[in-house]
Amino acid sequence: MFKLICIIVCLSYLLFQSYAILDLGITGRKIIAGSGIGGMKETQEMIDFAGKHNITPEIEVIPLDYVNTAMERLAKGDVKYRVTGDEDVRFKILYCGICHSDLHCVKNEWGNSTYPILPGHELVGVVTEVGSKVQKYKVGDRVGVGCMVGACHTCESCENNLENHCPKMILTYNAVDYDGTKTYGGYSDHMVANERYIVRIPDNLPLDAAGPLLCAGITTYSPLRYFGLDKPGMKVGVVGLGGLGHVAVKFAKAFGAVVTVISTSPSKKQEAIEVLGADSFLVSSNPDEMQAAIGTLDGIIDTVSAVHALVPLLFLLKSHGKIIMVGAPDKPLELPVFPLIVGRKTIAGSGIGGMKETQEMIDFAGKHNIIPQIEVIPMDYVNTAMERLAKADVKYRFVLDVGNTLKAP
């Protein structure tokens, strides 16, 4: 016997048509009932049960003088983010890019997702509030947040402006913040973050296209710089022409490199050369093209997030050449050692950069007019966008128009 129990807090009236009540009550002997709080004995029993099973609500602790603001936020259904601390910046999110990492996390393909998840680490907007100790930003500034919102600030990595390598780095979403609360990303209307993790957006960069630079931009800029592929005349390969790859081409060209795009899709050749400015294009499934390019590249930025062969790419390198992996396949790649030994070649990995380098990257992008190619979409299209992203059906980054299309609850 199934029971439907309606818990009614405040309702003016409840009206059913007579035939519906008869049908509901007779077929299967179902019941409509109401329930509120319990008696004191049951209340003590409940709290003891919660203690035994460690049932604790997720809360946001606030000072008494914040109560009016809390009431306003509660009325809007806005209870996700912490209050603005002394060193915090709060900003209204206007746009947020959709990264392939968002898709991995939503589907728990890396095995570390904790639900509920609110993705988004390519968010930009306008400052609405700053804490009393904030020095670099003011209300009205154009800012953004990338992949992280915290770190320990005492380890060697943090002291060297490499917060991204801190063992206690706090991700923008799907992580635990300093105060023990869950971090939430940019598929929302606002963000609160410590001043250290806020990036200033150059005035000449359009906000909608600036967001992807905070992930795709720094993910490709940083290895080009660190591994010495930022010198004029360097021969740089870029594997994959998607959200990461097309930005890698733009940065490498701005550094003065000679760029070769390596792709499984011959249809992308014209776009790579005529629109993005690549110097040459290799179809990785064409043995003649790959054979002709053996030993021609100083380095390769590999942006592919699917399982793929590495050995054909190693053959493209000169002696002492290097492949830097920035894509993150969800399954291990096969790596024979012998092709590494011949020519003393290197395979390395690289993620994002520290906050100092991230600001440097966005300023460089502003100076050289490096703007990702995007498709701006409304919030209610996000599920379709995820499906298209899984099929690589986007040129080259989806960006959510949060400011204009996120509906208030």
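Let me begin with what helix 14 packs against: its buried residues lie against strand 3 (88-98), helix 4 (100-106), strand 16 (374-377) and strand 17 (397-401). Keep in mind throughout that this is a predicted model.

Which residues of helix 14 are buried? Helix 14 spans residues 382-390, and the buried ones are Val382, Ala385, Met386, Arg388 and Leu389. They sit on the same side of helix 14, because they cover an arc of only 165° around the axis. On the other side, Asn383 and Glu387 are exposed. After helix 14 comes Ala392, which has a positive phi, near 60°.

Tyr187 is located in the loop between strand 7 (170-171) and strand 8 (190-194). Is Tyr187 buried or exposed? Its relative accessible area is 10%, so it counts as buried, the cut-off being under 20%. His121 is 66 residues away from Tyr187 along the chain, yet their C-alpha atoms are 8.8 Å apart.

Now to the cores. The largest nonpolar core has 55 residues, and the members touching the most others are Leu213, Leu224, Val249, Phe251 and Ile362. Several elements supply at least two residues each, among them helix 7 (216-226), strand 11 (258-263) and helix 13 (355-367). Which helix gives the largest share of this core? That is helix 8, with 6 residues.

Ile362 is worth a look on screen. Not counting residues up to four places away in sequence, Ile362 touches Val199, Arg200, Ile201, Pro202, Leu205, Ala210, Leu213 and Leu214. There is also a second, separate core, of 31 residues, which includes Phe91, Leu103, Ile198 and Met386. Met386 brings us back to helix 14, where it is one of the buried residues.

Last, confidence. The chain has a mean pLDDT of 88, and 85% of its residues reach 70 or more. Over residues 1-25, however, the pLDDT is below 50, and this stretch has 22 contacts in the model beyond near neighbours in sequence. Where pLDDT is low, the predicted coordinates should not be read in detail.

Notes:
Residues numbered from 1 in each chain as written. Predicted model: local features only at pLDDT ≥ 70, side-chain atom pairs only at ≥ 80, totals over all residues. Heavy atoms only, no water. Core = buried A, V, L, I, M, F, W, Y, C linked by side-chain atoms within 4.5 Å. Buried < 20%, exposed > 50% of the residue type's maximum accessible area, 1.4 Å probe, protein only. Helix = DSSP H or I, 4+ residues; strand = E, 2+ residues; numbered from the N terminus. Contact = heavy atoms within 4.5 Å. Arc of directions from axis to C-beta. pLDDT = per-residue confidence, 0-100.
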